[in-house]
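Subject: Structure for you to look at

Dear colleague,

Here is the structure I said I would pass on. My notes follow below it.

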Amino acid sequence: MKKKIINLVIALVIVLFVNLMGESPETENSYNDVSNFKEGSNLEVHFIDVGQADSILIKSGTESMLIDAGNNADGDLVVNYLKEQEISDLKFVIGTHPHEDHIGGLDDVIDNFNIATIIMPNVMHTTKTFEDVLDSINNKGLKINSPKVGTTYDLNGASVLILAPNSEEYKELNNYSVVVKLTHGENSFLFTGDAEALSENEMMENNIGVLDSDILKIGHHGSITSTSGEFLDAVNPKYAIISLGKDNDYGHPHKEIIELLEENEIEILRTDKMGTIVATSDGTILDLYTVR
Ligand SMILES: [Zn+2]
């Protein structure tokens, strides 16, 4: 009897998910990470401290986007952070992949803000957390957009280029992570979700030349499963941001990743040690600071 109920729940989630998958919006540019940079425009990237989870707010002048929203318990924190930033509209919301530490607070975000475009990978997960996100999307009458590698979105002159996922099916849910490169003038950021080495290899095969970024959000909270030496060479960042919680259950960041970053003389910034980290860009100069 118990099995039947679970099967029914799974079936309902599938029906809801399939109904919510919309058509991908028009591609504006293909494989183009050069932004329509506006002189004098300012960009802010907030790596919000949500403990052992990810949530990144990007403000480009009057337009904003959010990548992930922390764990279930972080919903209010993320909503309040965005409200303090006087945000009421989000042009883009990306749920990188269906794990709780990425989409946990997404239902609260969807309930509280006007959202134009939601991007989530074409994979479902039979958890209450995932179901809650689908319910919120459904209640708002929104559709999920599948990430298409090579698609560029405009965020008030900054460009958001989709780089992964590059396959239809993966064994590991982490590898469905939507990876995007944000470019603002001469400054660039790579946000990797929890993409693992397999996805990193696909990106290197498919996107030679465009991975290079000033700031790399280290994949999977500094786990050894991500950030291969080859990938780090291809991105060649000046700064590495690791989003993670103090004394987490996974031993993140793994010491091999810290050693790799140190060997490459990349400056490491960690939310478990520094709290929320904000990067600003005027198109030429990058500044980094912390918020307590
Ligand atoms: Zn994660």
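Glutamate 265, which follows helix α8, has a positive phi, near 55°. This is a predicted model, so please read the values below as computed from it. Helix α8 itself runs over residues 255–263, and its buried residues are Ile257, Ile258, Leu260 and Leu261. These four cover an arc of only 160° around the axis, which puts them on the same side of α8. The face turned away from that buried side carries Lys255, Glu262 and Glu263, which are exposed. The cover over the buried residues of α8 includes α7 (229–235), β12 (239–242) and β13 (267–270).

Helix α2 (residues 75–84) can be described in the same terms. Its buried residues are Gly75, Val78, Val79, Tyr81 and Leu82. Seen down the axis of α2, they fall within an arc of 160°, so they line one face of the helix. Asp76 and Glu84, on the other side of α2, are exposed. The buried residues pack against the strands β1 (43–47), β2 (56–60), β3 (63–67), β4 (89–94) and β14, and also against helix α4 (106–112). Just after α2 comes glutamate 86, with a positive phi of about 60°.

Strand β14 (residues 276–281) pairs with β15 in the antiparallel sense, over 6 bridges. Within this pair, threonine 276 stands opposite valine 291 of β15.

Next, the metal site. Which residues coordinate the zinc ion? They are Asp101 and Asp194, each through OD, and His102 and His221, each through NE2, at 2.1 Å. The angles among the 4 donor atoms are 86 to 149°, and the site is irregular. In sequence, the donor residues follow the spacing D-H-x91-D-x26-H. Histidine 102 lies in helix α3 (residues 100–103), while aspartate 194 is in the loop between β10 (187–191) and α6 (197–206), so the pair ties together parts that are 92 residues apart in sequence. Histidine 102 and aspartate 194 are both buried.

On salt bridges, the structure holds 7. One of them joins the side chains of lysine 217 and aspartate 54, at 2.7 Å from N to O. Lysine 217 is in strand β11 (residues 215–217) and aspartate 54 in the loop between β1 and β2, so this pair ties together parts that are 163 residues apart in sequence. Both lysine 217 and aspartate 54 are buried.

Another salt bridge is formed by the side chains of lysine 91 and glutamate 63, at 3.2 Å from N to O. Here lysine 91 belongs to strand β4 and glutamate 63 to strand β3, so the parts tied together are 28 residues apart in sequence. Are these two residues buried or partly exposed? Lysine 91 is partly exposed, with a relative accessible area of 26%, and glutamate 63 also counts as partly exposed, at 22% relative accessibility. Glu63 and Lys91 are linked with Asp154 in a network of salt bridges.

There is also a salt bridge between aspartate 272 and arginine 270, whose closest N and O atoms are 2.8 Å apart. Aspartate 272 and arginine 270 are both buried.

Finally, the totals for the chain. Its secondary structure comes to 9 helices and 15 strands. Of its 292 residues, 57% count as buried. Among contacts between residues at least 6 apart in sequence, 69% join residues at least 24 apart.

Best regards

Methods. Residues are numbered from 1 along each chain as its sequence is written. This is a predicted model: local features need pLDDT of at least 70, side-chain atom pairs count only at pLDDT 80 or more; totals for chains, interfaces and linings use all residues. Side-chain values use heavy atoms; hydrogens and water are left out. Donors are N, O and S atoms within 2.8 Å of the metal (3.2 Å for Na, K and Ca); water is not among the atoms, so sites may look incomplete. Four donors count as tetrahedral if all angles lie between 85 and 135 degrees; four count as square planar and six as octahedral if opposite donors are over 155 degrees apart and all others between 65 and 115; anything else is irregular. Helices (H or I, at least four residues) and strands (E, at least two) are DSSP runs, numbered from the N terminus. Buried means under 20% relative accessible area, exposed over 50%, partly exposed in between (1.4 Å probe, protein chains only). Two strands pair if DSSP finds at least two bridges between them. The arc is that of the directions from the helix axis to the C-beta atoms. Contact means heavy atoms within 4.5 Å. A salt bridge is a side-chain nitrogen of Lys or Arg within 4 Å of a carboxyl oxygen of Asp or Glu.
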